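Subject: Structure handover

Hello,

Here is the structure I promised to pass on. Please open it beside this message, and then read on for what turned up.

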Amino acid sequence: MTIPVMIPWLGEEEAEAAADAVRSGWVAQGPRVAAFERAFADHLGVPHAVAVSSCTTALHLALIGAGVGPGDEVVVPSLSFIATANAATYVGAVPVFADVDPATGNLTAETVAPLLTDRTRAVVAVDQGGVPVDLEALRALADPRGITVVEDAACAAGSTYRGAPVGQGATLAAFSFHPRKLLTTGEGGMVTCQDAATAARLRRLREHGMSVSAADRHAATAGATVLETYDEIGFNHRMTDIQAAVGLVQLGKLPAMVERRRALAERYRALLAPLLTAYQGARLVADPPHGTTNYQSCWLLLPDGFPVSRADLLGKLAAAGVSARRGIMAAHLEAAYAGTARVPLPATEHLTRNSLVLPLHHFLTEPQQDQVVAALLGAAG
């Protein structure tokens, strides 16, 4: 039986919560979405959270909230799922690709600074694979210039930055609840923000720009007539109450998820010590000095001169019953953004071509982990 790279931790409690939502008769955006927003905001220690249909729509709304529009530029990492760059394109802006720190896979002030122009309106800083970006350094660069740093925390629920939950220090942050993430609602996302007026606007925009939500209309005093207006063009970016019911259960399990994944990652590090010491440049993702990762992805960087190519290694792992994945994509190497990079991106290209993601999930057993490591060490000779 193949060892999967990821299995979401879902069980009877989530199934019962979803069933309760169905039985309630309220399955669209409603009271459970509101409860999930409050619980998520409380968990992060932020004033406002707005639930949406995905992290992509969360990024879309966050950039609108930051005032980004046609003709603006948004600095983004190429080393990220393509949705990061796409969100800038959705609002009519130009994504400008910056290189990343080779150790963390994240933007730094040093890689971003040369790309700032008088058209730069925002920087989207990704916590890649759950590794927290150094947000304070980026804000020290961007804030005095009137540039908003939007934190793409898609992978980072449960990670920490300078002792606080990731996202707490961001003006706007976007989270993903896709099944590859620790906390999942099937699909879904969340925008967090500091400003009440921005949160209220994003709630309107996620529901077609409606001035009064469907839930508020239904909650109106019996006999009262509530008529909504549409003052700006909005979108259908809503989360359902079924998803939110699952999310509330998942949020309660998040600390245990992080604890388990961090323990498994450290066990990988110990077992892979022969490979990591034998090959200069081989590296397993680790905590940066400024925070802790949730190990949403446990990626291994292969060094130059490794005995087999990454493609061959993935094949050998598959033959040994291990499902692994290529490392994080680079958007500027895809046809959709080909030829758009303004500067060389050597760290990005090295990481995307030489890394792979190892199986890591709540149900991974030590014998399975031993099987993964044995296949890696065998390929390494």
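Which residue stands opposite A174 in β8? The residue is D152. Please keep in mind that this is a predicted model.

**The seven-stranded sheet**

Strands β5 and β8 (residues 172–176) pair in the parallel sense, over three bridges. They belong to an open sheet of seven strands. The order is β1-β9-β8-β5-β4-β2-β3, and the pairing is mixed. At the edges stand β1 (48–52) and β3 (94–98). Each has a single partner strand, so one side of each is left without a neighbour in the sheet. On average, neighbouring strands here are turned by 25 degrees against each other, direction ignored.

Helix α3 packs on this sheet. It touches β1, β2, β4, β5, β8 and β9 (189–193). The direction of α3 makes about 170 degrees with that of β8.

Now take strand β4 (residues 120–126). It is mostly covered, with six of its seven residues buried. On one side, β4 pairs with strand β2 (residues 73–77) in the parallel sense, over three bridges. There, E73 has T120 in β4 as its bridge partner. β4 also pairs with β5: five bridges join the two, and they run parallel. In that pairing, A125 stands opposite E151 in β5.

Look next at the loop between α6 (135–142) and β5 (148–152), which holds I147. Is I147 buried or exposed? I147 counts as buried, because its relative accessibility is 4% and the cut-off is under 20%. Leaving out residues up to four places away in sequence, I147 touches L116, T120, R121, A122, V123 and A142. T120 is also the β4 bridge partner of E73. For a sense of distance, take I147 and L182, which are 35 residues apart along the chain. Their C-alpha atoms are separated by 30 Å.

**Helices α3 and α7**

Helix α3 (residues 55–65) also packs against helix α7 (residues 196–205). The angle is about 130 degrees, and the axes are 10 Å apart. The two helices are therefore oblique to each other. The crossing of α3 past α7 is right-handed.

Which residues make the contact? From α3 come L61, I64 and G65. From α7 come T198, R201, L202 and L205. These contact residues divide into four nonpolar, two polar and one charged.

**H237**

L61 turns up again here. H237 lies in the loop between α8 (214–218) and α9 (241–271). With a relative accessibility of 10%, H237 counts as buried. Setting aside residues up to four places away in sequence, H237 touches A51, V52, S53, T57, H60, L61 and R206.

**The four-stranded sheet**

There is also an open sheet of four strands. Its order is β10-β12-β14-β13, with antiparallel pairing. Which strands are at its edges? They are β10 and β13 (325–326), each pairing on one side only.

Here is the sheet, pair by pair:

- Strand β10 (residues 283–284) and β12 run antiparallel and are joined by two bridges. L284 has L300 in β12 as its bridge partner.
- β12 and strand β14 (residues 355–358) pair in the antiparallel sense, over four bridges. C298 has L358 in β14 as its bridge partner.
- β13 and β14 run antiparallel, again with two bridges. R325 has V357 in β14 as its bridge partner.

Finally, find helix α11 (residues 310–319). It lies across β13 and β14. α11 runs at about 20 degrees to β14.

Best wishes

Note on methods: Residues are numbered from 1 along each chain as its sequence is written. This is a predicted model: local features need pLDDT of at least 70, side-chain atom pairs count only at pLDDT 80 or more; totals for chains, interfaces and linings use all residues. Side-chain values use heavy atoms; hydrogens and water are left out. Two strands pair if DSSP finds at least two bridges between them. Axes are lines fitted to C-alpha atoms, for helices over the stretch in contact, and angles run from 0 to 180 degrees between N-to-C directions. Angles under 35 degrees count as roughly parallel, over 145 as roughly antiparallel, 65 to 115 as roughly perpendicular and the rest as oblique. A crossing is left-handed if the near helix is turned anticlockwise from the far one by less than a right angle, and right-handed if clockwise. Contact means heavy atoms within 4.5 Å. Ala, Val, Leu, Ile, Met, Phe, Trp, Tyr, Cys and Pro count as nonpolar, Asp, Glu, Lys and Arg as charged, and the others, Gly among them, as polar. Buried means under 20% relative accessible area, exposed over 50%, partly exposed in between (1.4 Å probe, protein chains only).
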